[in-house]
Amino acid sequence: MPADLLVMLSGSAICLSVSEAYEMFSAQIYSYAYGYTQDWDQAEDFAAEAWKRAFIYWDKFDGRNPVGWVRTILKNLVRMDRRSYRPVLSLDPYIDERSESYTHTPRSLISEDDLDLAISRLDSDGPVVEA
């Protein structure tokens, strides 16, 4: 991997290493990461991962717009993370219709009348008797 690379900044070509690019643009990439996540801790993680990947693939970078290149890496990392997140949905219609009053206790899932009815259907051996 080359230690430095010819980079075009403001119309003039300069030789820029990945460490110099990091020093110049890390705060800007961190700000972009916060804009995507709205969380400072996550922004720090994503920015660090983006710079790590930029370091690994620096030899593939064409030298134009280092901020845009690292920002694209960052944006793709955030998108991959968001794509892997799926909210958990309940498949139980009984819970879904009572979700507004759900208080994380077993009693909130079943009314006293439903419980009394279920107990009355038990025969002496324990299995539920069909009505």
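This note sets out numbered remarks on the predicted model of the protein chain shown above.

1. Overall composition. The protein chain contains five helices and two strands. In sequence order these elements follow the pattern β-β-α-α-α-α-α. The chain has 131 residues, of which 22% count as buried. Its exposed surface comes to about 9700 Å², and carbon and sulfur atoms supply 54% of that area. Among contacts between residues at least 6 apart in sequence, 49% join residues at least 24 apart.

2. Geometry and buried side of α2. Helix α2 has 17 residues, which should span 24 Å at 1.5 Å a residue; the end C-alpha atoms are 24 Å apart, in agreement with that value. The buried residues of this helix are A43, F46, A47, A50, W51 and A54. Because they cover an arc of only 135° around the axis, they lie on the same side of α2. The face turned away from this buried side carries the exposed residues D41 and D45. The cover over the buried residues of α2 includes α1 and α3.

3. Geometry and buried side of α3. Helix α3 runs over residues 66-84 and has 19 residues. From its first C-alpha to its last it reaches 27 Å, close to the 27 Å expected at 1.5 Å a residue. Its buried residues are P66, V67, V70, I73, L74, L77 and V78. These cover an arc of only 130° around the axis and are therefore on the same side of α3.

4. A54 as a point of contact. A54 is found in helix α2. With a relative accessibility of 0%, A54 counts as buried. When its neighbours within four places in sequence are left aside, A54 is in contact with V18, W69, V70 and I73.

5. A54 and R71 are 17 residues apart in sequence, and their C-alpha atoms are 9.8 Å apart in space. A second pair is formed by N76 and A50, which are 26 residues apart in sequence and 9.1 Å apart from C-alpha to C-alpha. N76 lies in helix α3 and is partly exposed, with a relative accessible area of 36%. A50, by contrast, is one of the buried residues of α2.

6. Aromatic pairs. How many aromatic pairs does a search of the whole structure find? The search finds six. In one of them, the rings of Y34 and W40 have their centres 3.7 Å apart and their planes at 10°, so the pair is stacked. Y34 is partly exposed at a relative accessible area of 25%, and W40 is partly exposed at 46%. The rings of W58 and W69 have centres 5.8 Å apart and planes at 65°, so that pair is edge-to-face. W58 lies in the loop between α2 (40-56) and α3, and W69 lies in helix α3; the pair therefore ties together parts that are eleven residues apart in sequence. W58 counts as buried, at 1% relative accessibility.

7. Further interactions of aromatic residues. Y34 and W40 also belong to one aromatic cluster together with Y30. A charged group is placed over another ring: the charged end of R71 sits over the ring of Y32, 3.8 Å from its centre.

8. Backbone angles in the loops. Which phi value does Q38 have? Q38 has a positive phi of about 60°, although it is not a glycine. Q38 lies in the loop between α1 (18-37) and α2 and counts as exposed, at 54% relative accessibility. N65 likewise has a positive phi, near 55°, in a residue other than glycine. N65 is found in the loop between α2 and α3 and is partly exposed, with a relative accessible area of 48%.

Methods:
Residues numbered from 1 in each chain as written. Predicted model: local features only at pLDDT ≥ 70, side-chain atom pairs only at ≥ 80, totals over all residues. Heavy atoms only, no water. Helix = DSSP H or I, 4+ residues; strand = E, 2+ residues; numbered from the N terminus. Expected span 1.5 Å × (residues − 1). Buried < 20%, exposed > 50% of the residue type's maximum accessible area, 1.4 Å probe, protein only. Arc of directions from axis to C-beta. Phe/Tyr/Trp six-rings, centres within 6.5 Å; stacked < 30°, edge-to-face > 60°. Lys NZ or Arg CZ within 6 Å of the ring centre and 35° of its normal. Contact = heavy atoms within 4.5 Å. Areas by Shrake-Rupley, 256 points an atom, 1.4 Å probe, with all protein chains shown as cover.
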